[in-house]
Amino acid sequence: MKKRVLSLLLAGILTCGSAVLPASAASEGTQKTNAASGTIIHVYNWGEYISSGADGSMNVNAAFTQKTGIRVDYTTFDTNESLYSKLAGGGAQYDVIIPSDYMINKLIKQNMLEKLDFRNIPNYKYIDKQYRNLSYDPQNQYSVPYTWGTVGILYNKKHVKKEETKSWDVLWNQKYAGKILMFDNPRDAFGIAQKKLGLSYNTTDTNDWEAAATLLKQQKPLVQSYVMDQIFDKMDSGEAWVAPYYAGDGESLMRENPDIGFTIPTKEGTNFFVDTICIPKGSKNKAAAEAYINFLCSPEVSAANMEAIGYSTPETAARKLLPKEMADSTICYPPQEILEKSEVFTNLPDSTLTLIDNLWTEVKMGSSGDTLTLILVLCAFLAAYIVIVVYKKQKRRREME
């Protein structure tokens with residue numbers, strides 16, 4: 001089945017009637033649908049993480065508006081941490097967000113998410129049981145799985161051998177100096193160093209985090225840059241040769257560029273993640289947001305969406321609608337032996353999170369000693385500037401006298 005066929009399936013959905021209305025409005029019928037036409041929901045999602053209509057794929061947001069009359073204001077973030085900062089800062093109002101597992105748990109504990117009314121999300125029935133009642137939301141009150149996946153290594157086949165990418169060691173290989181990219185977020189970057197050291201992602205031992213930071217500092221001279229979505233252009237153009245990233249994006253890049261390969265490291269293990277759809281506290285359009293979640297959970301929509309973005313669906317019904325090469329992909333759907341060696345990020349204590357932030361700053365800026373040196377140099381420049389300004393003022397005063 002190709003994208004064109006999935007698009008036809010979607011067309012069928014759109015002509016079958018309006019979206020499932022909120023339970024409280026079930027008796028309002030067409031009047032409620034017409035009222036929805038003036039509603040706008042604000043959706044905050046990862047970059048490159050929804051089917052946009054490119055290359056004949058479904059435009060998910062446009063299809064939702066066509067079906068419901070509800071318009072979508074869509075913006076993107078690049079890390080869970082930037083999402084959290086935006087929400088905690090109160091600088092913007094969103095109706096739908098798509099954080100990852102460990103961040104969902106943090107948002108729940110800080111009372112930053114609304115409980116969902118599953119009467120408005122009947123398509124939740126398609127979510128497979130293994131993606132329900134997970135540790136981040138054990139009672140299934142705040143989230144609906146959107147995608148899942150693993151982290152692996154993107155590499156340029158012209159320059160890097162596949163065998164080398166079976167271990168995270170390749171990201172510390174001197175012969176690829178200046179051609180290595182690294183995650184520009186602390187949990188993923190530290191996670192790779194932790195697996196290389198044989199440590200848990202979720203350790204609270206200060207020594208473990210400091211050891212991982214030391215390893216990342218050793219890697220820094222080899223790193224071309226720390227990136228998130230910029231990885232697409234850098235790997236596709238050949239500017240970089242090897243980089244860690246998410247399996248769904250690996251699948252997409254491989255389709256577009258035959259020189260790109262993707263491997264899930266089997267030597268040390270990797271991260272298994274679930275990204276889910278949530279409604280932040282204070283949403284002004286909660287029922288419309290739940291209609292959006294319900295739409296995304298339709299097997300036909302989920303399949304077309306996953307086909308476009310390359311990620312794995314938590315719905316068996318949707319997977320059956322995917323092209324065979326994707327449904328059978330060991331990148332999108334790794335064998336059990338890989339999943340058994342994977343580990344999920346969990347929400348960590350505040351003291352550990354503060355430690356991570358401090359260590360990450362040291363990794364990015366240099367050691368604490370290097371940072372102190374930089375501060376002293378800046379202070380010296382500032383002092384010199386003040387001396388010059390004072391001298392010029394005094395000279396001008398003497399000349400006026």
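## Strands β1 and β2

Strand β1 (residues 40–46) runs parallel to strand β2 (residues 71–77), and seven bridges join the two; helices (H or I, at least four residues) and strands (E, at least two) are DSSP runs numbered from the N terminus, and strands count as paired when DSSP finds at least two bridges between them. Trp46 has Phe77 of β2 as its bridge partner. Together with helix α3 (residues 60–68), β1 and β2 form a right-handed β-α-β unit, where right-handed describes a clockwise path from the first strand over the helix to the second, with the strands pointing away from the viewer.

## Basis of the values

The model is predicted: local features need pLDDT of at least 70 and side-chain atom pairs pLDDT 80 or more, while totals for chains, interfaces and linings use all residues. Residues are numbered from 1 along each chain as its sequence is written, and side-chain values use heavy atoms, without hydrogens and water.

Beyond four places in sequence, the contacts of Phe190 (heavy atoms within 4.5 Å) include Trp209, Leu216 and Trp360.

## Ser143

Ser143 sits in the loop between α5 (101–109) and β4 (144–156). Ser143 is buried at 2% relative accessible area; buried means under 20%, exposed over 50% and partly exposed in between, with a 1.4 Å probe and protein chains only.
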